Amino acid sequence: MAVNSFDHPAGDAVFAAVDLGATSGRVMTGRVGPGTLVLSEAHRFTNIPVRLPDGLRWDVLALYQGMLDGLRAAGRSGPVASIGIDTWAVDYGLLDADGALLGVPFHYRDGRNSGMSEGLPDGCGAAELYAVSGLQYLPFNTVFQLLAHRSTAQWEAARTLLLMPDLLVHWLTGSVGAEITNASTTGLFDARLGDWSDELIGRLGLARSLFPPLRDPGDPAGTLLAHVAEATGLPIGTPVTTVASHDTASAVVAVPATEPDFAYVSCGTWSLAGLELDAPVLSEESRASNFTNERGVDGTVRYLRNIMGMWLLEECRRAWDREGPVRGLAGLLRDAAASDPFAAVIDPDDEAFLAPDDMPSRIDAYLLRTGQTPPRSPGAYVRCVLESLALAHRRTLRRAAELAGREPTRIHLVGGGSRNELLCQWTADASGLPVTAGPAEATALGNILLQARAHGLVGDLAEVRRLVARTQELRHYEPRGNGQHWDRAEARLSPGPVPADA
């Protein structure tokens, strides 16, 4: 990892983490020292997509303004030593020859991506793509989004492609680059070589000049432009440090593992469940099982699957809120705990659950299609979602271990889902492995720790994780029961109608 050529920050200096998720953004501040890791929220703002006549878009200007407001708030906490930015993956902006943004970036849930994988040219079938990129097939992967974009006037004018965190870094500093953990999610990255795949880019007929030079976490990304410094109240020259800009990669940095054989679940809008490896797994079995090989910090590989996560629960709550007041989350979880176990289970990865709006009706349709009875109360829906997620965690981690030749001894569940005691306990019960839950703010912590490491305040990845384990609140869950109920529930997800009492 490159080390920034900055003076080490004074003891009262703070690191600012810009952390943008699918529904909200925030700027967090952190102080790091020997045995010290303190995190505070400086500013939070909503992330509400906008549906325009041509599709679902991110309101990127509102996100940028929220980031500026958050950096101003962060500056009131003390001298800002550095800024790092992480966001979700796959989405991007296109710049013209003058460096101006062409249009409003599309949202990965927009329907334009449907069917794009069927239009791939010869030599770019699923097996050929996986052999190079090792990327899980998802209909919204960047490579498919680009195929949908190529028929537009914007595409003709495009000269540079910047993934979302790189676009925001560009607006702060004027620099152009592509952070490697996020680049690895595009489907245009060579998993073995750790670089853009000129081979795939050429086969797809894309211009290689669209893709900027890669940056590693810890590399300097530039300093604040004068007008940004004025807008935030921060000094001109405040450094921006490259972090693991894919939010999951930052979250995995902050997994408080003290043993080598661990599995992880980064649980928020999505559940990212997998293993940390030294090399990609590019076998046909791995492709058929739809596992992804994404870049981690220090050359590691995040071998995982994307599972539809707490999105299912949040979309249910949004639908119920439109119908009238319902119990808060704590009340819903109490009702879920009191509901009948395994009354209904779903496969969270079914494409029926990808699009927003009216999730309870989508769950009902899935259950009827598979011969099950839909829930009759919000609490029963919540139980269905959480038990199904626990089953998905179990199924995914067991298959990852088989394909990678590993035997994990513990699951670390980090992110917002780690606050959900039912999900944590049921993940332990379903998997038969102990679960350590927390930190909930793993993404922001990973962002800040990588900045601190670039400043020489912490050492290697193992030391970073020991610091997290010593300083953050963690909860531990031991598996209960013998797992037979979970086995029977898993069997009900087999193809074809299955009686509800199987």
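Two strands are taken to pair if DSSP finds at least two bridges between them. The model discussed here is a predicted one.

## Paired strands

By that criterion, strand β2 (residues 24-33) and strand β3 (residues 36-46) are paired in the antiparallel sense, with ten bridges between them. R26 has R44 of β3 as its bridge partner. The two strands make up a hairpin in which two residues lie between β2 and β3, and the turn includes G35, whose phi is positive at about 70°.

Elsewhere in the chain, seven strands form an open sheet with mixed pairing, and their order is β17-β18-β16-β15-β19-β20-β21. The edge positions are held by β17 (292-295) and β21 (475-477), and because each has a single partner strand, one side of each has no neighbour in the sheet. From one strand to the next, the twist averages 30°. The partner of β17 in the antiparallel pairing is β18 (residues 301-308), to which β17 is joined by four bridges; within these strands, N293 stands opposite Y303 of β18. In general, the side chains of a regular strand alternate between the two faces of the sheet.

## Backbone exceptions

Most residues other than glycine have a negative phi, and most peptide bonds are trans. Against that background, V90 has a positive phi of about 70° although it is not a glycine, and N290, likewise not a glycine, has a positive phi of about 65°. V90 lies in the loop between β6 (80-86) and β7 (92-95), whereas N290 is in the loop that runs between α10 (284-288) and β17. V90 counts as buried because its relative accessible area is 7%, and N290, at 18%, also counts as buried, since the cut-off for that class is under 20%.

A cis peptide bond, with omega of about 5°, joins G438 and P439. P439 is located in the loop between β20 (435-437) and α16 (442-454).

| Residue | Relative accessible area | Class |
|---|---|---|
| V90 | 7% | buried |
| A158 | 9% | buried |
| N290 | 18% | buried |
| L52 | 33% | partly exposed |

A158 is found in the loop between α4 (153-157) and β8 (160-163). Leaving aside residues up to four places away in sequence, A158 touches L94, L95, L102 and L210. A158 and A207 are 49 residues apart in sequence, and their C-alpha atoms are 9.9 Å apart in space.

Helix α5 (residues 164-173) is largely enclosed by the rest of the structure, because ten of its ten residues are buried. Among the buried residues of α5 are D166, H170 and T173, together with W171 and P165. Just after α5, G174 takes a positive phi of about 85°.

L52 is placed in strand β4 (residues 50-52). Together with V50 and V104, L52 makes a nonpolar surface patch of about 180 Å².

How values were computed
Residues are numbered from 1 along each chain as its sequence is written. This is a predicted model: local features need pLDDT of at least 70, side-chain atom pairs count only at pLDDT 80 or more; totals for chains, interfaces and linings use all residues. Side-chain values use heavy atoms; hydrogens and water are left out. Patches are made of residues with over 30% relative accessible area and no salt bridge: like charges are joined within 9 Å, nonpolar side chains (Val, Leu, Ile, Met, Phe, Trp, Tyr) within 5 Å. Accessible areas come from the Shrake-Rupley method with a 1.4 Å probe; for residues, only the protein chains shown count as cover. A salt bridge is a side-chain nitrogen of Lys or Arg within 4 Å of a carboxyl oxygen of Asp or Glu. Buried means under 20% relative accessible area, exposed over 50%, partly exposed in between (1.4 Å probe, protein chains only). Axes are lines fitted to C-alpha atoms, for helices over the stretch in contact, and angles run from 0 to 180 degrees between N-to-C directions. Contact means heavy atoms within 4.5 Å.
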